[in-house]
Amino acid sequence: MTQHAAEAAEAALAAYAPYSKFRVGALVVAEDGRTWSGCNVENAAYGSTICAEANALGSAMASGHRGPIEVFVACIDATHVRDATPCGNCRQLFSELGVTHITITIDGTDSRRFTLDDLLPHRFELPDDPRPS
Ligand code: THU
């Protein structure tokens with residue numbers, strides 16, 4: 001496991017996942033090496049659950065970071081979900097917030113690296129994109 005994947009796995013230890021018992025951690029990495037972590041936070045109203053990726057991305061944005069980033073995701077309870085990949089909502093967040101690559105590590109062993117195009121081809125973007133370049 002790389003250092004970034006290991007840090008994502010460490011973030012998963014803080015997951016609040018009493019319903020699914022599926023702990024996920026995420027690490028956002030900027031080009032200058034700065035990092036932000038997050039874990040999934042579930043809710044009795046299941047739809048109010050926040051994914052690990054969304055929390056890590058929120059931390060990066062809250063610190064003021066803008067620009068290209070990579071995301072490392074670690075599932076640490078995935079024995080039966082070895083091919084887990086980020087949900088559709090998180091993929092749309094990746095598109096909005098400049099995520100170039102996503103590496104997913106399952107139980108510290110299986111590791112796969114995707115581009116955003118791999119995970120979200122033909123994505124929705126506004127024609128007059130107001131985002132800073
Ligand atoms: N989950 C994430 O945090 N990230 C993913 O990429 C997939 C799913 C969480 C949401 C929920 O807490 C649990 O995993 C089961 O869906």
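1. Salt bridges first: counting a side-chain nitrogen of Lys or Arg within 4 Å of a carboxyl oxygen of Asp or Glu, the total comes to seven salt bridges. Bear in mind that this is a predicted model, where local features need pLDDT of at least 70, side-chain atom pairs count only at pLDDT 80 or more, and totals for chains, interfaces and linings use all residues. Residues are numbered from 1 along each chain as its sequence is written, and side-chain values use heavy atoms, with hydrogens and water left out.

2. (Helices are DSSP runs of H or I with at least four residues, strands are E runs of at least two, and both are numbered from the N terminus.) Asp-77 is partly exposed at 26% relative accessibility, and Arg-23 is partly exposed at 28%; the cut-offs are under 20% relative accessible area for buried, over 50% for exposed and in between for partly exposed, using a 1.4 Å probe and protein chains only.

3. Asp-32 and Arg-34 also form a salt bridge, at 3.2 Å from N to O. Here Asp-32 is exposed at 54%, while Arg-34 is partly exposed at 39%.

4. Have a look at Arg-123 and Asp-117 too, whose closest N and O atoms are 3.0 Å apart in a salt bridge. Shared partners join Asp-117, Arg-123, Glu-125, Asp-129 and Arg-131 into one salt-bridge network.

5. On to aromatics: the structure holds one aromatic pair. Tyr-19 and Tyr-46 make up this tilted pair, 5.7 Å centre to centre with 55° between the planes. (Rings of Phe, Tyr and Trp, the last by its six-membered ring, pair if their centres lie within 6.5 Å; planes under 30 degrees apart are stacked, over 60 edge-to-face, the rest tilted.) Tyr-19 lies in the loop between H1 (3–12) and S1 (24–30) and Tyr-46 in the loop between S2 (35–39) and H2 (52–62), so the pair ties together parts 27 residues apart in sequence. Tyr-19 is partly exposed at 41%, whereas Tyr-46 is exposed at 60%.

6. Finally, some backbone angles. Asp-107, in the loop between S4 and S5 (110–115), has a positive phi near 50° despite not being glycine. His-122, in the segment after H4 (116–119), is another non-glycine residue with a positive phi, about 55°, and is exposed at 83%.
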